[in-house]
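Welcome, and please take a moment to look over the sequence and the model below.

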Amino acid sequence: MSILINKNTGVIVQGITGSQGSFHTKLMLDYGTEVVAGVTPGRGGRDVHGVRVYNTVAEAIEVSDAEASVIFVPAPFALDAALEAIEHLKLVAIITEGIPVHDALKIKAYAKAEGVRVIGPNTAGIIVPGKSKLGIMPAEVFIPGKVGIISRSGTLAYEIALTLTEAGLGQSALVGIGGDPVVGTDFIDILKLYEADPETEAVVLIGEIGGDAEERASEYIKNMSKPVVGYIAGVTAPEGKRMGHAGAIISHGKGTAKSKIEALEKAGAEVAGIPQKIPELVKKVLP
């Protein structure tokens, strides 16, 4: 059993003819992902790395077994692309960053109404090591195993995955929920999936300053049967200065690393002070 995707998940790439879409389509294909179609309006009939391109998602699903979409469409057009994907598919990962908040709110509301899982915006995507990847993460730092990873940050997740791999601790999956203020799926949603997943024995939660997602996740962690190891980036961040992601900002004294670390520890999670300590803590909590 895998969470969200497996080796048989059929994937559509929206924005496949663009530089990023084309580049990452090749890497996903090389990894074994079942990329069954591409979509770029006005470019239907072309092929990109052997993948046929269609003008609409509706056309693509008529001739494929697609279940999921990964979106590389530029921010001004991402809303329309996301709404179209949500209308036809079960899972949508939005890699695009810089999507206006009001557009993200529309995407989230429509996905909720349709019962569709949206990952992102501004996500690295999803990988189930050894089976499939839907996104932009460097697959070579992951190996199959029992540790589930959830992260707001993509690059930090890759670094931590590498430290786990080097310590012989494989991963059941990585889900990047996205670094924007409004995202379709939060920590709790993925914690629930890991809690129910027989292939996951421990979870690494990678948070950062800004918002209260980690504090809310801590309330759920209190009742989990599986151990959680946390790491919060931005301990030295000054108030009012955005640190990398649009959502990574301390405002009016809220969203600090201190409050998040305290919440996680109170919930029973082990919290690492630096990423390199995470493998040690994971080994400590694994059954």
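Contact here means heavy atoms within 4.5 Å. With that in mind, Ala93 is in contact with Ser69, Val70, Ile71, Ile119 and Leu134, leaving aside its neighbours within four places in sequence.

Before going on, a word on the basis of all this. The model is predicted, so local features need pLDDT of at least 70 and side-chain atom pairs count only at pLDDT 80 or more, while totals for chains, interfaces and linings use all residues. Residues are numbered from 1 along each chain as its sequence is written, and side-chain values use heavy atoms, with hydrogens and water left out.

Ala93 belongs to strand S6 (residues 91-94). Helices (H or I, at least four residues) and strands (E, at least two) are DSSP runs, numbered from the N terminus. Is Ala93 buried or exposed? Its relative accessibility is 0%, so Ala93 counts as buried; buried means under 20% relative accessible area, exposed over 50% and partly exposed in between, with a 1.4 Å probe and protein chains only. From C-alpha to C-alpha, Ala93 lies 9.1 Å from Asn122, although 29 residues separate the two in sequence.

Next come the paired strands. Two strands pair if DSSP finds at least two bridges between them.

| Strands | Sense | Bridges |
|---|---|---|
| S1 (residues 10-14) and S2 (residues 34-39) | parallel | five |
| S2 and S4 (residues 51-54) | parallel | two |
| S3 (residues 47-48) and S4 | antiparallel | two |

Gln14 stands opposite Val39 in S2. Between S1 and S2 the chain passes through helix H1 (residues 19-31), making a right-handed β-α-β crossover. Right-handed means that, with the strands pointing away from the viewer, the path from the first strand over the helix to the second runs clockwise.

On S4, Val53 is opposite Gly38, and Tyr54 is opposite Val39. Val51 is the bridge partner of Val48. The hairpin of S3 and S4 has two residues between the strands, and His49 there takes a positive phi near 55°. Val51 and Val53 form the covered face of S4, while Arg52 and Tyr54 form the uncovered one. In a regular strand the side chains alternate between the two faces of the sheet.

Finally, the axes of helix H7 (residues 213-221) and helix H8 (residues 257-266) come within 8 Å and cross at roughly 5°. H7 and H8 are therefore roughly parallel to each other, a term for angles under 35 degrees. Among the residues making this contact are Glu214 and Ile221 of H7 and Lys260 and Leu264 of H8.

Conventions:
Axes are lines fitted to C-alpha atoms, for helices over the stretch in contact, and angles run from 0 to 180 degrees between N-to-C directions. Angles under 35 degrees count as roughly parallel, over 145 as roughly antiparallel, 65 to 115 as roughly perpendicular and the rest as oblique.
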